[in-house]
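Please read them with the model open.

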Amino acid sequence: MTTAAGAIAYLHWRKAVASHDYDAAFSYLSIRFGGRRAEKLSAALRDLPIVTRRANDILRATGRDPLPLSDPGVLNDLKKVLAGGKLSPVLVAEGDIADGYHRVSLAYALDPFAEVPLKLGGVGIGAAASAVTGAGAGASVVADAGAGSATKR
């Protein structure tokens, strides 16, 4: 594995988000937005469909710089991938990576244009996903959860 193309061949994704990733997203979102709003957002993420976006686009849109391969979380994900494991899709809410920052950073390090599966929720996005996919009422909760908030983008 001497090239990014060779490395990206090892990158495989699960079809569904791991249950504990929703808990991690809730924990992060509760710090940013408080418990009630985080509860609504993390619950709504469960109902959203998985879509794909390029690693570089996810990082640009969320205003994040990729973590280095030497970061302990990125390194753990790399070891998992090299052992044949699959990574869980990423959770993005309110324009930020609620869970999966290490996974996006690993994908970016291997290939900035790698397609990364994710659930994408936030103001206006949940409603758009609901209209396009016919998702249930839970998808619209994400859009409604931020209504009237003063969160700066």
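A crossing is called right-handed if the near helix is turned clockwise from the far one by less than a right angle, and left-handed if anticlockwise. The model discussed here is predicted.

1. By that convention, helices α5 and α6 cross in a right-handed sense. Helix α5 covers residues 72-82 and helix α6 residues 101-110; they pack at about 65°, with axes 8 Å apart. Angles of 65 to 115 degrees count as roughly perpendicular, and α5 and α6 are therefore roughly perpendicular to each other.

2. On the α5 side, this contact is made by Gly 73, Val 74, Asp 77, Leu 78 and Val 81; α6 supplies His 102, Arg 103, Ser 105 and Leu 106. By class, the residues of the α5 and α6 contact are 4 nonpolar, 3 polar and 2 charged.

3. Helix α6 also packs with helix α4 (residues 55-62), at an angle of about 130° and with the axes 8 Å apart. That angle makes α4 oblique to α6. The crossing of α4 and α6 is left-handed.

4. Ala 55, Asn 56, Ile 58 and Leu 59 of α4 meet Tyr 101, Val 104, Ala 107 and Tyr 108 of α6. The contact of α4 with α6 has 7 nonpolar residues, 1 polar residue and no charged ones.

5. Glu 94 deserves a separate look. This residue lies in the loop between β2 (90-93) and β3 (96-99). Most residues other than glycine have a negative phi; the phi of Glu 94 is positive, near 55°. Glu 94 is buried, because its relative accessible area is 3% and buried means under 20%.

Technical notes
Residues are numbered from 1 along each chain as its sequence is written. This is a predicted model: local features need pLDDT of at least 70, side-chain atom pairs count only at pLDDT 80 or more; totals for chains, interfaces and linings use all residues. Side-chain values use heavy atoms; hydrogens and water are left out. Axes are lines fitted to C-alpha atoms, for helices over the stretch in contact, and angles run from 0 to 180 degrees between N-to-C directions. Helices (H or I, at least four residues) and strands (E, at least two) are DSSP runs, numbered from the N terminus. Angles under 35 degrees count as roughly parallel, over 145 as roughly antiparallel, 65 to 115 as roughly perpendicular and the rest as oblique. Contact means heavy atoms within 4.5 Å. Ala, Val, Leu, Ile, Met, Phe, Trp, Tyr, Cys and Pro count as nonpolar, Asp, Glu, Lys and Arg as charged, and the others, Gly among them, as polar. Buried means under 20% relative accessible area, exposed over 50%, partly exposed in between (1.4 Å probe, protein chains only).
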